[in-house]
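The stops below are given as selections, to be made in order.

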Amino acid sequence: MKILKTRFEGLLIIKQKNNLDKRGSLRETFNKQKFKQNKFVFEYCTMSKINSLRGFHFQYRFQQAKYVNVLQGKILDCVIDLRKKSKTFGKHYKIILSEKNCISVYVPVGFAHGFASLDKTNIVLYS
């Protein structure tokens, strides 16, 4: 697992590895020792059909960070920086996340988050 920074403060890309064998695959999606950013308060799993749009979600009162993983399929993941004092306020960041590229994204507090489903079936796990 590699953690990469972006030009947005706190927004991280997590590059994972899919270990394949004749039974299928194994992927480490979270490691507390390598990833100490946050204590997640929820976990959701969504299944979305192709061309579905989910978001943009943002919590005003009880703001939460999100950690987004694609278990099946491919999505266009997008965030918008809504932190008024940020150098990147109002700007967006987008990235393709898929089961094949094993890339996840950590979205810090203060960002709106949404994604568009690009494959026939898309299963997204986010904390």
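Start with C102, which is buried in this predicted model, at a relative accessible area of 3%. That value is under 20%, the cut-off for buried, so the residue counts as such. C102 sits in the loop between strand 9 and strand 10 (103-107). Check its backbone as well: phi is near 55°, a positive value in a residue other than glycine.

For a counterpart, select N51. Is N51 buried or exposed? N51 is exposed, with a relative accessible area of 67%. Its phi is also positive, near 70°, and this residue too is not a glycine. The loop that holds N51 runs between strand 5 (44-49) and strand 6.

Move on to the peptide bond from G55 to F56. The bond is cis, with omega near 5°. F56 belongs to strand 6.

Now colour the sheet that contains strand 6. Four strands form an open sheet in the order 6-11-8-9, and their pairing is antiparallel. Strand 6 (53-57) and strand 9 (92-98) are the edge strands, each pairing on one side only. From one strand to the next, the twist averages 15°.

Within this sheet, select strand 8 (residues 74-81) together with strand 9. How many bridges join strand 8 and strand 9? There are seven, in the antiparallel sense.

Next, show the nonpolar side chains. In soluble globular proteins, such side chains tend to be buried together. The largest nonpolar core here has 17 residues, of which L11, V68, I75, L97, V105 and V124 touch the most other members. Two or more residues each come from strand 7 (66-72), strand 8, strand 9, strand 10, strand 11 (111-117) and strand 12 (121-126). Strand 10 gives the largest share, three residues.

Centre the view on V105, one of the core members with the most contacts to other members. Setting aside its neighbours within four places in sequence, V105 is in contact with L11, L12, I13, I14, K66, Y67, V68, D77 and L97. Finally, select L12, A65, Y67 and Y106, which are among the five residues of a second, separate core.

Note on methods: Residues numbered from 1 in each chain as written. Predicted model: local features only at pLDDT ≥ 70, side-chain atom pairs only at ≥ 80, totals over all residues. Heavy atoms only, no water. Pairing = 2+ DSSP bridges. Axes fitted to C-alpha atoms, helices over the stretch in contact; angles between N-to-C directions. Buried < 20%, exposed > 50% of the residue type's maximum accessible area, 1.4 Å probe, protein only. Core = buried A, V, L, I, M, F, W, Y, C linked by side-chain atoms within 4.5 Å. Contact = heavy atoms within 4.5 Å.
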